[in-house]
Each structure stands twice: as structure tokens, then as C-alpha cells.
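Let us walk through this structure step by step, beginning with a sheet, moving on to the packing of nonpolar side chains, and ending with a database annotation.

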Amino acid sequence: MSNPTDSVPEHITLTEGYSGRLGGRLTGERWTVGPARLSKISVGEMDNNVYVIESVSTGEVLLVDAANDAPQLIAHLRAEAPGVKEVLTTHLHADHWIGLPETVDALGLTTIASPGDAGDIHVPTDRHVSHGDEIVVGDLRLGVIGLRGHTPDGIGLVLRTDEGTHLFPGDSLFPGGPGKTGTPEQFATLMDDLEARVFAVLDDDVVVHPGHGDDTTLGAERPNLGTWRDRGW
């Protein structure tokens, strides 16, 4: 009987250029937006997205969600993003931090998470951040957006540059709707945060890089806000 890990590639295959749609597990793409170099990589069996946000001028790097496939991710970061010093976990669900213990141990990273979700992430959090805070990566400034509902204290990041704005919402926003919630109250909370903290303050051309699967834009999703409210999920 074959080992299920036999089909997992040994290395991350990264292509230059942006499409927003990856080719499967341990594939990725890298592109430059003004002062930032961004990478999106698919890991694990649930098509989790790992994001690498690098300052072009300083080489400093923030890792977003060390979700899975830690050996391949560690090797990739050592070779392609040696300036990585911090890792942010967007929310408490384990598929977004399966690779975190091994990655932190191997690379000596500072861990970042929200205070409300940190207790369920099985790696100690070095720094808590909440809505309205800022994470500095070289000359980049990333705003923290609180997105409650999918988990009690989920967070996302927004990167604004002269060449475009990019949103990393974790599992709180996908093409076609908000992330999964367990109760009507949680759904209402998440919709409230998305409407007030994302759609009310960011433009249609903002690119959304979710925690799984393909990217989208706020302009593509904005017409459906009423539909999402009405259907309740």
C-alpha cells in the first residue's frame, strides 16, 4: 500500500507573475507590487494559501499562515526569503498553523496572532495584534483588520501601495462569500465587520488573497453583499 505522502512534491515550484490561481499543492507564484514582493503558495491537502510579504528595498519578510508542508516551506524560505523574521497566523483553525511549530523552530521566527485566537494556536504567541494595529516589514506598513465571526478574533492584513492595494483576510472572505460561521450571530458579526471594515473603506480594485483557493477583488464581490445577508451564509 502506498504512503499518502508519496505524491507530495519535494519542493515548492514558484513561477514569476500573477494570476491568482495556483496549480496545486506546493505550487506558487511571485510578483512585485511597488515596494513589495508578494508570493502565494498552496500547501496541504486543503489547498491552504501561505503568503510571503517582502520589502523589496530591505529584504525583510513577513510570513502569513505557516499552514502545512513545513519541510518544503522551510527550505523555500531559506533559499528565497532569508529575511523572514516574523509569522502571522490569521486565525485559530489548525489547518492554518499545522506547519507553524516546525517552521518557527527551524527559522527562529517571532509569532504574531490576535489575543482572542492565540490561546488555541499550539505555539506561544510572541506578539498580539488587534484591529487598527500596524505591522512593519521594512518600508512596508500592513494594517491589521479585525474580522470576527469565522473565529472569535480572526484578523486580516491590508497592504496599500501606489501600485495597488492587497487584502489578506484569512478565511473571512472568499470568492462568493464570507467564511463559514457556526451560528446566525457569528454570521451577522462577520458580515458587519466585512461591510464596515473592508467594503466601506477599500476600493473595488483591491485584490483579495484568501486563506484557500483562488483570489478575487472587492469589486467582483461587492454586488453580492445583499445576497449574502439574505441567504445567511
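**From sheet to cores**

In this predicted model, six strands form an open sheet of mixed pairing, in which the order runs β9-β10-β11-β12-β15-β16. The edge positions belong to β9 (134-137) and β16 (216-217), and because each of these has a single partner strand, one side of each is left without a neighbour in the sheet. Strands of a sheet pair through backbone hydrogen bonds, in either a parallel or an antiparallel sense. For strand β10 (residues 140-146) and strand β11 (residues 155-161) the sense is antiparallel, with 5 bridges between them, and leucine 142 stands opposite leucine 159 of β11.

Turning to the side chains, the largest nonpolar core comprises 25 residues, and those with the most contacts inside it are Val50, Val52, Leu63, Leu73, Leu77, Val87 and Leu100. At least two residues of this core come from each of β3 (36-43), β4 (48-55), β5 (61-64), α1 (70-80), β6 (84-88) and α2 (100-107). Apart from this core lies another, of 20 residues, which includes Trp31, Tyr51, Val144 and Leu159.

Finally, an unreviewed UniProt entry lists residues 47-212 as "domain: Metallo-beta-lactamase". In the model, the C-alpha atoms at the ends of residues 47-212 lie 6 Å apart, and the span is 23% helix and 31% strand.

Note on methods:
Residues numbered from 1 in each chain as written. Predicted model: local features only at pLDDT ≥ 70, side-chain atom pairs only at ≥ 80, totals over all residues. Heavy atoms only, no water. Core = buried A, V, L, I, M, F, W, Y, C linked by side-chain atoms within 4.5 Å. Buried < 20%, exposed > 50% of the residue type's maximum accessible area, 1.4 Å probe, protein only. Helix = DSSP H or I, 4+ residues; strand = E, 2+ residues; numbered from the N terminus. UniProt positions renumbered as here; feature names shortened; annotations may be inferred. Pairing = 2+ DSSP bridges.
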